[in-house]
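Have the sequence and the structure open, try each task, and then read the solution.

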Amino acid sequence: MPTPELDPEMRAHQAAYEAIAAEYPPILLQQPFDPQRAVNDAINTRISPGGPAMAESADRWVLARGRRVLCRVHRPRLNEPLPVLVYFHGGGWVWSSVDTHDRLAREYAVGAGCAVVSVDYALSPEARFPQALLECAAVVRWIAEHGADWGLDGARVALGGDSAGGNLALGTALLLRDEGGPGLRGVLTSYPVCDSRFDTASYRAFGGGKYWLSEEKMRFCWSVYAGHEADRLNPLAAPLRARLEGLPPVLVYLAELDPLRSEGEAMANRLRGAGVATEFAVFPGTIHGFILATERMAKARDAVARGGAWLRGALG
């Protein structure tokens with residue numbers, strides 16, 4: 001795989017990120033995790049602040065799998081039940097939160113004209129596979145049945161997520177398909193984790209750490225999320241290994257200089273081969289995480305705008 005050039009705005013965003021990160025202790029691939037999570041959240045909320053104003057933003061909770069799961073509900077307008085994007089944040093199943101992805105959630109709400117419910121699922125290693133996945137599915141079921149209580153149209157629901165959140169969105173769609181619903185209007189994913197292999201062309205080209213996400217970091221994340229080989233090979237954890245027929249339409253957006261690019265491309269091809277309506281694009285010169293760089297990067301704004309337009313069509 002030839003080495004492409006980093007987009008100049010992507011480079012500037014990374015420089016800004018590194019300048020902010022230099023003010024904090026380093027984030028290490030080891031316990032304890034809570035102090036590192038606080039640092040990660042502080043850095044990412046500073047690099048991606050604000051976002052469009054909402055008619056209502058409220059923190060609510062759903063009881064799922066014995067835990068009260070925080071769901072941040074953004075509604076761009078009131079006085080009518082809105083279709084809803086249930087969004088699962090990235091962060092390797094270990095880091096990040098509804099706070100780090102708050103701006104992105106607001107941007108999708110405006111772009112799609114829908115409500116966005118951002119889910120603070122349980123993190124690993126405290127909660128290993130399949131706890132987070134089952135929480136995500138439980139939240140979707142609750143919204144389908146009781147969404148009207150929050151001003152949501154439970155009959156028009158799409159899932160979304162980036163990176164590990166994209167993995168959870170795909171896994172949740174597979175689980176709901178196999179367990180009889182509720183039905184979904186679509187699944188929006190940005191550079192999703194699709195498999196537990198590390199021998200792909202993109203891992204070989206971009207996994208050394210030059211472009212932020214490394215093979216070392218992904219091996220660590222998989223080890224704490226799904227420590228047993230049987231779990232790492234489970235199609236609900238590695239959706240590239242799943243039977244994909246019967247899924248709703250899927251959007252797959254990828255970063256060009258990303259170790260996960262090859263598995264994302266394979267996922268898009270397998271979805272199309274399974275008869276699933278699939279929109280697929282690779283954004284040149286970008287790295288893993290670029291979707292959060294809308295304040296500094298035109299390609300990130302374009303990806304979010306195109307994703308919002310896709311959602312608007314999927315949600316009807």
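## Exercises with solutions

Cys71 counts as buried, with a relative accessibility of 0%; buried means under 20% relative accessible area, exposed over 50%, and partly exposed in between (1.4 Å probe, protein chains only). Before you go on, note that this is a predicted model, in which local features need pLDDT of at least 70, side-chain atom pairs count only at pLDDT 80 or more, and totals for chains, interfaces and linings use all residues. Residues are numbered from 1 along each chain as its sequence is written, and side-chain values use heavy atoms, with hydrogens and water left out.

**Exercise 1.** Find how far the sulfur of Cys71 is from the closest cysteine sulfur, and then count the disulfides.

*Solution.* Start with the rule: a disulfide is a pair of cysteine sulfur atoms within 2.5 Å. Next, look for the cysteine sulfur closest to that of Cys71: it belongs to Cys136 and lies 9.1 Å away, which is too far for a bond. The disulfide count comes to zero. Cys194 is likewise in no disulfide, as its nearest cysteine sulfur, in Cys221, is 15 Å away. Cys194 is buried, at 0% relative accessible area.

**Exercise 2.** Work out which side chain meets Glu107 in a salt bridge, and decide whether Glu107 is buried or exposed.

*Solution.* A salt bridge is a side-chain nitrogen of Lys or Arg within 4 Å of a carboxyl oxygen of Asp or Glu. The partner of Glu107 is Arg103, at 2.9 Å from N to O. Now place the pair: both lie in helix 3 (residues 102-112), four residues apart, or about one turn of the helix. Helices (H or I, at least four residues) are DSSP runs, numbered from the N terminus. Finally, check the accessibility: Glu107 and Arg103 are both buried.

Technical notes: Helix = DSSP H or I, 4+ residues; strand = E, 2+ residues; numbered from the N terminus.
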